[in-house]
Structures are given as C-alpha cells and as structure tokens.
Amino acid sequence: MKKERKKNVRETALDLLEAIEKNQAYSNLLLNNAIKKNEINQKDIGLLTELTYGTLQRRMSLDFYLQPFLKGNKKVESWVKQLLRLTLYQMVYLDKIPDRAAIFEAVEIAKQKGHKGISGMVNGVLRNIQRQGLPSIETLEDPIERLSIETSHPRWLVKRWVDQLGFDQAKQMCEINLTAPLQTARVNLTKITRENCILKLTEEGFQVEASPMIPEAIKCYRGNLANSDAFKEGYLTIQDESSMLVAYALGASENERILDGCAAPGGKSTHIAERMQNSGKVISLDLHDHKVKLIKENATRLELTNIEPKTLDSRKVQEHFEKESFDRILLDAPCSGLGVMRRKPDMKYTKKEEDLMQLSLIQLNLLKAVSPLLKKGGILVYSTCTVDKEENQLVVESFIKNEVDFEEDHTIKDRMPAAIRPLVHGFELQILPQDFGSDGFYIACLRKKV
Ligand SMILES: C[S@@+](CC[C@H](N)C(=O)[O-])C[C@H]1O[C@@H](n2cnc3c(N)ncnc32)[C@H](O)[C@@H]1O
C-alpha cells in the first residue's frame, strides 16, 4: 500500500482549518491528532498552533480584509478561502515571516492541491493586497460592528456583551480573547508542597512560578505540564485559576459527604477531595460513561481514594440518593463556555444566541433536581465557565425565587483567597478574563435554611 505523504506545517494548518470549519470538531483534538499523524517536530508545533489558532481567532477581520480583493472571483472554493486567510494571517499578524515567503508557500500549496488557474488567482489576490494595502476597519461607523470585525467576534455576541457589561468591558473582553492563555496547574497538596513541586518542574526544564492569586496554583511559561513527570506522578492537575475558586466557594471540611453533579473530567471533584485531605466522600456524577472514566483516571493518578465516580443523569439523582444526605453540593453546570473562548476560538463562530436560553433551562432543571439532596444548613454552589447573565445570575435568581428554603450565602467572600475578595458581590462572583488573565467564570453560593 502506498504510504501517505507527510504534510508540512502550512499544509497541515490548512487541513485543520478545513476540518474545523466543515466538521465543527474541537480544534484542540484535531490539532493533537494532526501533530501525531504528520509527525510534526517539536520546534514546528508552536508555529502550527499559532497558524491554526491565529487564523481561526482572526477569521472575521481576515475576511473583511480579503473581501474587496475577491470581488471578481465568483465562487472561491472553501480550501482556497482558508489558504488565503492562513496566508493573510501571516502577512498581517506575524512579523517573523516575510510576506514573500508566506505568498510563495501559499502558491506552492495551491499548485499542489489545485491547478494553475487557482495558484495564479491566489498569487494575484495576495500580491494585490501587498501592493494596495488593507481596507481600514476604522471606516465602519457602527461601534458594535467595528468592534465585532476588529476582534472577530460575531455581532450578536458583541451587542450582548455591550448591553450586559458596557462598551469598555466588552471591548476588553473581546481583545483579551485574541491572546493566547497561559497554562496554569494546581499542585496536589496531599502529596507535595507547592515549593517542592516548582523545584521538581524546574529540574525537569519547565519555566514555572507560584501564582500570586491562589495558594496551590502555579503558572507555566515554558513547556506543556501535561507532559511532565510531575503530572504523571500525580503532583499536578492542569486547571485554570478561575476553576480553582469553586472548591474555595464550596469550602468542604474533612469527613463530609459531597455531591458533584456534573463532575467530568474531575477537575473540581479532585480539588475538593484534596482539600478534604482524602477523607469523607465526594460522589462525582456525570452523564457519560467515557467521561466518568476520566474522573476515575484522574483520581487514581492523584492517589485520591475519597472520590466515588458514577454514571448518572443528575436530573434523576432523587431516584438514587436519600433526601438531605449531602453536606455540600456542587453543580458545575454544562454551559455555553463563553468565558473560555481564548482556548477554543472556533466556538465564536458556532455558538448561537438561541443556545443560551436552552442551556439556562437545563441549568435550572439540574439545580432543582439536586437541591433536595442537600442537608439543612448545607451549601449549594452553582458555577459555569460563561460570562452571560442568562446562564448565570438569571438562573440563580429564578431558582431562589421558587425554592423558598434556599437563601444567599454571603460567607463565600470569607472563603475566597484575599486577591479575589474584591470581586465577590454578596453571594456571587463573576470573573471576566481581563480581571486576572484567567478564564471567565461565574460562581454563586446558596445555603439551605435550617
Ligand atoms: C462544565 S463540565 C464539568 C467540568 C467538571 N466539573 C470539572 O471541573 O472537571 C459539565 C459536565 O456536565 C455533564 N453533564 C451534562 N448534563 C448532565 C446531566 N444531566 N447529568 C450529569 N452530568 C451532566 C457533561 O457531560 C460535562 O462533563
């Protein structure tokens, strides 16, 4: 059988962009598969990631720039459009790649994949842009439209954020979404101190430092911690700092019985279990078997024996557990993920405004289903990685309005790390990505009346 030719970095990036647009598969999964399949070497992985994520991140700006130069070309094939975006991304946003090199590579790919006519067209469009310069986004008069094109966020989303947060915060959020996030991790304090973990990682060649915000968090400036020995040996969990605040809000004590209603892959369950010093019980539920397997794997790697993973639809928990049988309950609900767009740029173009309303109904139903299982005086934490009021404040408001035995828990503030306290309002915390550079996240804390 003929062996498939290994593709170079730009060809691989082009294939990825096509696959992401057509299948709407997650960009991070496709990227990892493509790296393996084409045996992309270590030093080119950075460039491949930059080209793929960068082109995706800037798609709307790139299309705005390309539009006037494509006017004469009636039907541009999808892969050709992707190739033009990919090349223009390098010309506009990457100083280290000379324009002529980017154009040369594009023309070569066009020859290989298409025919002479296409490579001529690609060459012509790119050279015209080089000669005539880019059209100016500044000419767009509507500020929402301008921000939308400038930062490649769909107009409906920009409008929503401007309405909910004001123009300045919306602009800051759109802008930070274009930057690459830093990798952060949580040290498993049941096995090692943060100081010793940092030493171990430094010896392994990683560039890491302690987070000033969260006592068990570290920030990584060089290397992928998922490949470290420290990770394999169970000293670490890759987790965003905002996510770590959930275990603080819940404030579980040793020997308590905790329910985590939406637990996979177990980032928060394992954090709660660590903070309980591997005592008591954390029942970690998720809808899907394959995801529950991930909770098990993580608990085993971290050597946590107080986690009990179980496949279950949390809307049916009352059929499986006694009423008032948990000291604390976490509902880290399925959500639109609008707070983590930096990590999944393709999400910007696939999410729809109607999704948010549907999600809010699911979130409310999940809250209603788990709440009878909480003991009187117990804490219920609701969290999401989104920044939208519909899925956050409005869900909790609607829950409290109907569930008269629940009240706001303002002691959440005392449980938060000092740096976070100024962001707590009453019983709620909404973190925006621009606040600390961590993910956008919402946490609300309720108490069942005694
Ligand atoms: C935001 S993720 C949870 C992340 C997790 N808490 C962590 O920190 O690793 C939401 C999870 O809810 C699960 N889920 C969605 N609907 C569910 C339901 N009805 N019952 C149980 N789990 C559900 C999804 O499979 C998904 O894994």
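This is a predicted model: local features need pLDDT of at least 70, side-chain atom pairs count only at pLDDT 80 or more; totals for chains, interfaces and linings use all residues.
Residues are numbered from 1 along each chain as its sequence is written.

The protein contains 20 helices and 13 strands, where helices (H or I, at least four residues) and strands (E, at least two) are DSSP runs numbered from the N terminus. Its C-alpha trace spans about 75 × 50 × 45 Å along the principal axes. A compact globule of 450 residues would have a radius of gyration near 22 Å, and the 24 Å of the protein agrees with this; the radius is taken over C-alpha atoms, and the globule rule is 2.2 Å times the number of residues to the power 0.38. Of the 450 residues, 42% count as buried, a term that asks for 20 or more other C-beta atoms within 10 Å of the residue's own, whereas 12 or fewer make a residue exposed and values in between make it partly exposed, with C-beta atoms placed from the backbone. Among contacts between residues at least 6 apart in sequence, 72% join residues at least 24 apart, a contact being a pair of C-beta atoms, placed from the backbone, within 7 Å.

The domain assignment divides the protein into domain 1 (9-136), domain 2 (145-176), domain 3 (183-238) and domain 4 (241-448), with bounds that come from an automatic or database assignment. The centres of domain 2 and domain 3, taken over C-alpha atoms, are separated by 34 Å. An unreviewed UniProt entry lists residues 173-449 as "domain: SAM-dependent MTase RsmB/NOP-type"; UniProt positions are given in the numbering used here, feature names are shortened, and annotations may be inferred rather than shown by experiment. The span 173-449 is 32% helix and 25% strand, and its end C-alpha atoms lie 37 Å apart.

Around the ligand stand 19 residues, of which Cys 262, Gly 267, Lys 268, Ser 314 and Asp 332 are the closest; a residue belongs here if its C-beta atom, placed from the backbone, lies within 6 Å of the molecule. Two or more residues of this shell come from each of α14 (267-275) and β6 (281-286). By type, the shell divides into eight nonpolar, five polar and six charged residues, where Ala, Val, Leu, Ile, Met, Phe, Trp, Tyr, Cys and Pro count as nonpolar, Asp, Glu, Lys and Arg as charged, and the others, Gly among them, as polar.

The unreviewed UniProt entry lists Cys 385 under "active site". Cys 385 lies in the loop between β9 (374-384) and α18 (393-402), and it is buried because 22 other C-beta atoms lie within 10 Å. Leaving aside neighbours within four places in sequence, the contacts of Cys 385 include Cys 335, Gly 337, Asp 439 and Phe 441.

Some loops also hold backbone features to look at. In the loop between β5 (257-260) and α14 lies Pro 265, which is joined to Ala 264 by a cis peptide bond with omega about 5°. Ser 152, a residue other than glycine, has a positive phi near 50°; it lies in the loop between α8 (143-151) and α9 (155-165) and counts as buried, with 21 C-beta neighbours inside 10 Å. Asn 255 has a positive phi near 70° and lies in the loop between α13 (241-250) and β5, but Asn 255 is exposed, with 12 other C-beta atoms within 10 Å.

Key: Two residues are in contact if their C-beta atoms, placed from the backbone, lie within 7 Å.
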